[in-house]
Amino acid sequence: MAAPVGFGLPMTDREIREDDADDLLVEAADWLVCLTSGAATDDDAARLAAWRATSPAHEAAFREIAGVRNYAVAAKHNKKPAMVSRRAVLAGGGTAALAALTLGVARPPLGLWPSFAELTADHRTAIGQRYAFAPVNGVKVEMNSRTAISLLDTTRDGANGISLVVGEAFITAGERSAPFRVKAGAVEASTRRASFNVQRLDGGVRIACVDGEVTCRGGDQPIMLRANQQVFVAADGGTRRSEIDGAKATAWRRGLLIFEGASLAEVVDQINLYRSGKIVLANTALGRLEVNAIFHTNRIEEAVPQIEQLLNLRARHLAGGVVVMS
């Protein structure tokens, strides 16, 4: 599997030799340049996954070049994206300058293309796709549309935790001696036996317990959830706990989105999982409008006109699948 070509600034073979770079590191640098170009696609992500799986040396080279953690930390302190080159990558994978270059990939505008974290996740689903896997014996993870997950706490027996990078997942964990962990940003849910749903939204993380018990940390206080309870942990750490109908809260597994008294902001967040582009609300006040509706995920294109009629709103359709509702 060849590394991508044509991304970043031109660099001759002679220059590469001058840098005395290992061939795999050079290829890994090309991949990173590809990912930071802003033009990476799902096909690129699949090709990268195949390249990383070629051998342990390929994977090690990519991890060395990527320095994912360093990028994430440094990117918080840099605001101006720029071009990134193979030379810059090879010269210092974790520098603040390089982090600035990758900012547009770490947080793509309007989420119009996959972020760096999504592209390097262990499991990803495309728009409209659902996928299930067993990270370790006795645990099943069902991924909703447009979801990315990385494995945590990996041993030769499997992974004893996952990190939800974006999207939504339903986890079923049988009786375990050690907790199974699910991280979603700064929020962590853990259980020794439970069925529960975890979703990353623009404003925070929602965890809904359908069966068993789930301990949630990352908010202003630890919370124990039991069947038919959920908690929303906002980005500022504030928590909202409520009773739910577990079957309705996880209706996406049956191809339905059921909203009863939900805010329009929450509804839009959910719908955006199932369509290309993004629905954007013109102001925050619109996000507080109450919605009672049922949408079919396989006919999600009907959602925008339905919302227009329900709430007397106007939708402007822009390039790239962006819809502005006002």
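Biologist: Buried means under 20% relative accessible area, exposed over 50% and partly exposed in between (1.4 Å probe, protein chains only). How many of the eight residues of helix H10 are buried?

Modeller: Six of the eight are buried, and H10, at residues 264–271, is mostly covered. The buried ones are Leu264, Val267, Val268, Asp269, Gln270 and Ile271. Helices (H or I, at least four residues) and strands (E, at least two) are DSSP runs, numbered from the N terminus.

Biologist: What sort of model is this?

Modeller: It is a predicted model, where local features need pLDDT of at least 70, side-chain atom pairs count only at pLDDT 80 or more, and totals for chains, interfaces and linings use all residues. Residues are numbered from 1 along each chain as its sequence is written, and side-chain values use heavy atoms, with hydrogens and water left out.

Biologist: What is the mean pLDDT of the chain?

Modeller: The mean is 80, and 75% of the residues reach 70 or more. pLDDT is the predictor's confidence in each residue, from 0 to 100.

Biologist: And where does pLDDT stay under 50?

Modeller: Residues 68–84 are one such stretch, with 32 contacts beyond four places in sequence in the model. Residues 93–105 are another, with 38 such contacts. A contact means heavy atoms within 4.5 Å. Where pLDDT is low, the predicted coordinates should not be read in detail.

Biologist: New topic! How many aromatic pairs does a search of the whole structure find?

Modeller: Two. In one of them, Tyr131 and Phe133 are stacked, at 6.0 Å centre to centre with 20 degrees between the planes. Rings of Phe, Tyr and Trp (its six-membered ring) pair if their centres lie within 6.5 Å; planes under 30 degrees apart count as stacked, over 60 as edge-to-face and the rest as tilted.

Biologist: Is Phe133 buried or exposed?

Modeller: Phe133 is buried, at 9% relative accessible area, while Tyr131 is partly exposed at 35%.

Biologist: Which residue lies over the face of Phe170?

Modeller: That is Arg253, at 3.9 Å from the ring centre. A charge sits over a ring if NZ of Lys or CZ of Arg is within 6 Å of the ring centre and within 35 degrees of the ring normal.

Biologist: Last one: where does Asn312 lie?

Modeller: Asn312 is in the loop between helix H12 (303–311) and strand S16 (315–317). Asn312 is exposed, at 71% relative accessibility. Its phi is positive, about 55 degrees, although Asn312 is not a glycine. Most residues other than glycine have a negative phi.
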